[in-house]
Amino acid sequence: MAKTNDKKNENEVKNEMKEKEKNKVKNKSENKSKNKITNINENIKWTVFSICIFIFALIAYGVFRNSLHSFDNFIYNIVSKFISDPLTKVIKAITFLGGPIFLISITGILILIIKNMKNKILVVLNLVLVTALNQSLKYIFSRERPIDINLIEESNFSFPSGHAMLSCAFYGFIIFFVIRYVRNKNMKIILSSLLVTLILLIGLSRIYLGVHFASDVIGGFMITIPHLILFTSYFYASKEKTKIK
């Protein structure tokens, strides 16, 4: 009986050792796969960063050279064909969603909802930084707004579009939260798609209303995407994900 029990114990030990080895191999392969995916994502991120900076540099050069009139007129002529009183009311409502009054109000609501102090601070800091960047660039380029085509009154310089930059930074940061914290894949796709659509519509609304050139809007998007990449990479460098509480 003792010998039989010893054999059973030996078999159990062997089986446990085999299971441990299998788990080690499995964990190693899983970690390798995760690292590959992380590396691919990092490469995509910095490729997007570089492309956006390049496009912004091209547009900025065109603004300095005053050589973008043909492009801007071409885009406006397409958009202006859709101008009508009912649509203008809708477009004004859309453009309001990218304005400072609305975004500051929503930021205030988010501060009350989000309990994680780091995320609270970064929602505000993101908006402050992109506003400072926008105003600095407007001062540097000092581009005048379109004349005689504006459906609403706006002051300040034209390039880059403040609405484009603020909406891209604010809603883009919300997209980052959605991707980071929402577990349901379908919900991630739906929410992210809706927010991307909203950002694009806000940018388009500025061209429709005649308060920005198309190059103002595109330039605003192209400089804000790198801002978001740097911002999120710096403040969320840790791979460890903490939930919004």
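Predicted model: local features only at pLDDT ≥ 70, side-chain atom pairs only at ≥ 80, totals over all residues.
# Reading a helical model

Trainee: Let me step back to the whole chain. How many helices and strands are in the protein?

Mentor: Begin by listing the elements. The protein has eight helices and zero strands. Along the sequence the pattern reads α-α-α-α-α-α-α-α. Of the 245 residues, 37% are buried. Next, ask how far along the chain the contacts reach. Take contacts between residues at least 6 apart in sequence: 80% of them join residues at least 24 apart.

Trainee: And the outside? What share of the accessible surface belongs to carbon and sulfur atoms?

Mentor: The share is 65%, out of about 15,600 Å² of accessible surface. Now look for a place on that surface where nonpolar side chains gather. Phe74, Ile78, Phe82, Leu87 and Val90 form a nonpolar patch, with about 480 Å² of accessible area together. Helices α2 (69-80) and α3 (85-96) each supply at least two of the patch residues.

Trainee: How do I read a single helix? Which residues of α2 are buried?

Mentor: Start with the general idea. An α-helix has 3.6 residues a turn, so residues three or four places apart point the same way. Now the case. The buried residues of α2 are Asp72, Tyr76 and Val79. Down the axis of α2, these buried residues fall within an arc of 60°, so they line one face of the helix. Ser70 and Phe74, on the other side of α2, are exposed. The cover over the buried residues of α2 includes α7 (185-208) and α8 (214-235).

Trainee: How many residues does α2 have, and what distance does α2 reach?

Mentor: Compare the end-to-end distance with the expected span. Helix α2 has 12 residues and reaches 16 Å from its first C-alpha to its last, close to the 16 Å expected. Do the check again on α7. Its 24 residues should span 34 Å at 1.5 Å a residue, and its end C-alpha atoms are 34 Å apart, which agrees.

Trainee: What covers the buried residues of α7?

Mentor: The cover includes α2, α3, α6 and α8. The buried residues of α7 include Leu195, Leu198, Ile199 and Ile202, and also Arg206.

Trainee: How many salt bridges does the count come to?

Mentor: The count comes to four. Look for a residue that takes part in more than one pair. Asp72 pairs with Arg143, the closest N and O atoms being 3.0 Å apart. Asp72 is in helix α2 and Arg143 is in the loop between α5 and α6, so the pair ties together parts that are 71 residues apart in sequence. Asp216 also forms a salt bridge with Arg143, with the closest N and O atoms 2.7 Å apart. That pair links distant parts of the chain, since Asp216 is in helix α8, 73 residues from Arg143. Together, Asp72, Arg143 and Asp216 are linked in a network of salt bridges.

Trainee: What is the relative accessible area of Asp72?

Mentor: Asp72 has 3%, so it is buried. Arg143, at 11%, counts as buried. Asp216 is buried as well.

Trainee: One last topic: the backbone. Which residues does a cis peptide bond join?

Mentor: A cis peptide bond joins Phe159 and Pro160, with omega about -10°. Pro160 is in the loop between α5 (117-141) and α6 (162-181). Then read phi. Ser142 has a positive phi of about 50° although it is not a glycine. Asp148 does too, at about 65°. Ser142 is partly exposed, at 32%, whereas Asp148 is exposed, at 73%.

How values were computed
Residues numbered from 1 in each chain as written. Heavy atoms only, no water. Helix = DSSP H or I, 4+ residues; strand = E, 2+ residues; numbered from the N terminus. Buried < 20%, exposed > 50% of the residue type's maximum accessible area, 1.4 Å probe, protein only. Patch = residues over 30% accessible without salt bridge, like charges linked within 9 Å, V, L, I, M, F, W, Y side chains within 5 Å. Areas by Shrake-Rupley, 256 points an atom, 1.4 Å probe, with all protein chains shown as cover. Salt bridge = Lys/Arg side-chain N within 4 Å of Asp/Glu carboxyl O. Expected span 1.5 Å × (residues − 1). Arc of directions from axis to C-beta. Contact = heavy atoms within 4.5 Å.
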